[in-house]
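User: I have a model open and would like to go through it. Can you take my questions as they come?
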Amino acid sequence: FNFLFNNIVNNLKKNLAEAFYKAAKYILGIEKELEQHEKADIFDKYDCHNFCPDYLCLVKPEFINKVTDRLIEFAESFPFEEFDPDLQNVNENNETALQGMINAAQNSPYITVLIRLLERNKSYDECLNIFMRNTEKFDQEYIFNWIEEKLKALSKDEDQTKYQLLYNQILNILEKLANLSIDAVRLLITKHFRLEKKTNIIKKLGSSKQTQLDYIERLLKQYVKASKYTFTETENIDEDEFTDLLNLHIQLLIDLDHKEKILNWLKKPLPYAFDLILETLVQNEIIDAAVFVYEKLGNNEVGLGFLLKYMQEIFNKLGQEKCEDESTVNIFSENFNRCLDIVRNSFDQIEVFEEGNATGTAKTSQVMIQAESENLWFQILSKMIYWLDEIKKDEYETYSNIFKENFAEHFHILFEEMAKYTRIVKMMD
């Protein structure tokens, strides 16, 4: 025992590989086999290979685990106070045999062994630190399974000190964990961090706005798939916090220059607070999304005016030089068609109003709404006449023939549409 313990504590401090090799010979009872066979045969039998010319590297987990378990079992029960002064020094320094092996393993290449030793010492926070320092050496799934296993086990302990320590540590390294797998982090949060506010979780994800966006969008996709009740229960999130989350989502899309995605998200069955995000959309000139929100809020006139203002900028650009680039012309055309959609939709709202109301007061309101909708057509017409006048005054013919042809077609379409909804035909006659 004295010889073995010296190997564990003293030799281990000199070289972990050599100490484990010697301890393995005795503990696993392979000393005779080592004497009777070539070293290469033993390497094959115990799935080992040369770490360096003089030492044995234990590679396979089963072999490592056997050796480690037996060494720890021995170290925990060994009566070291009965032996030589070197062992007494270990005691006087308040260092157990297990701690001695841990200290030696920290300066060795045996990361797996070190983690197992730390686990036996219940130093789970140190284990996690090792995982995060050596992420390239461990499979992502293995790391997250380890975290899941330890949180689940520690949550059942009467003394919650270790659990709370690991819990807080995971919160503080969420950003690093998210860099490994944002999906695994979302599941981890759902299972073990439900009581944490989602806004706090997002802050813990760190300075990476892309990571924050990825996490939020995975939550929102989950909301779209599930019912509102199921989602709020599963994720433990109240209405106000969810509203803050949705507002942050829009801001992150803007900050990360994903403005083209905003409209698609606004069209999803998500409870965006349109009145709260409208100002942000207008300030950042996200035209399609802002116009969509104006419509949702029933403010078609302001939405149409906002869109016509944007079209004026495009018109000015087309007039600065003879722009033969069809993309700019197409943008003007797309927004012209969007203007028509706004007015058509406003008339659709009148039809819905008619179906649901039949009182005298309702009739009066219907007439007012219809008059407002007709005014939208004339708002477009007025702008088109102004642009037509500008084109006619263009002495240098800076507006391209492509644009002029498209513009004439737009005028024709406008009159056709107005004839369906207004008295424009009679007025023109």
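Analyst: What follows covers aromatic pairs, salt bridges, surface charge and a few backbone details.

User: What kind of model is it, and how are residues numbered?
Analyst: This is a predicted model, with local features needing pLDDT of at least 70, side-chain atom pairs counting only at pLDDT 80 or more, and totals for chains, interfaces and linings using all residues. Residues are numbered from 1 along each chain as its sequence is written, and side-chain values use heavy atoms, with hydrogens and water left out.

User: Aromatics first. How many aromatic pairs does the structure hold?
Analyst: The structure holds 19 aromatic pairs. Rings of Phe, Tyr and Trp (its six-membered ring) pair if their centres lie within 6.5 Å; planes under 30 degrees apart are stacked, over 60 edge-to-face, and the rest tilted. One of the pairs is Phe332 with Trp387, edge-to-face at 5.3 Å centre to centre and 65° between the planes.

User: Where in the chain do Phe332 and Trp387 sit?
Analyst: Phe332 is in helix H22 (residues 326–356) and Trp387 in helix H23 (residues 360–392), so the pair links distant parts of the chain, 55 residues apart. Helices here are DSSP runs (H or I, at least four residues), numbered from the N terminus.

User: Is Phe332 buried or exposed?
Analyst: Phe332 is buried, with a relative accessible area of 0%, and Trp387 is also buried at 0%. Buried means under 20% relative accessible area, exposed over 50%, and partly exposed in between (1.4 Å probe, protein chains only).

User: Which other aromatic pair involves Phe332?
Analyst: Phe332 also forms an edge-to-face pair with Phe403, at 5.2 Å centre to centre and 90° between the planes. That pair links distant parts of the chain too: Phe403 is in helix H24 (residues 401–421), 71 residues from Phe332 in H22. Phe403 is buried, with a relative accessible area of 1%.

User: Which residues form the aromatic cluster?
Analyst: One aromatic cluster is formed by Phe315, Phe332, Trp387, Tyr399, Phe403, Phe407, Phe411 and Phe415.

User: Switching to charges. How many salt bridges are there?
Analyst: The structure holds 10 salt bridges, each a side-chain nitrogen of Lys or Arg within 4 Å of a carboxyl oxygen of Asp or Glu. Among them is Arg218 with Asp183, where the closest N and O atoms are 2.5 Å apart.

User: What does the pair of Arg218 and Asp183 tie together?
Analyst: Arg218 lies in helix H15 and Asp183 in helix H13, so the pair ties together parts that are 35 residues apart in sequence. Arg218 is partly exposed at 26% relative accessibility, and Asp183 is partly exposed at 41%.

User: And helix H13 itself, how many of its residues are buried?
Analyst: Helix H13 (residues 182–192) is mostly covered, with eight of its 11 residues buried. The buried ones are Ile182, Ala184, Val185, Arg186, Leu188, Ile189, Thr190 and His192.

User: Back to salt bridges. What does Glu417 pair with?
Analyst: Glu417 meets Lys420 in a salt bridge, 3.2 Å from N to O. Both residues lie in helix H24, three residues apart, about one turn of the helix. An α-helix has 3.6 residues a turn, so residues three or four places apart point the same way.

User: How accessible are Glu417 and Lys420?
Analyst: Glu417 is buried, with a relative accessible area of 9%, whereas Lys420 is exposed at 61%. Glu417 and Lys420 are also linked with Asp341 and Arg344 in a network of salt bridges.

User: Now the backbone. What is the phi of Asp257?
Analyst: Asp257 has a positive phi of about 60° although it is not a glycine. Most residues other than glycine have a negative phi. Asp257 is found in the loop between helix H17 (239–255) and helix H18 (262–266), and is exposed, with a relative accessible area of 55%.

User: And Glu285, what about its phi?
Analyst: Glu285 has a positive phi of about 55° and is not a glycine either. The place of Glu285 is in the loop between helix H19 (274–283) and helix H20 (287–296), and Glu285 counts as exposed at 55% relative accessibility.

Conventions:
Helices (H or I, at least four residues) and strands (E, at least two) are DSSP runs, numbered from the N terminus.
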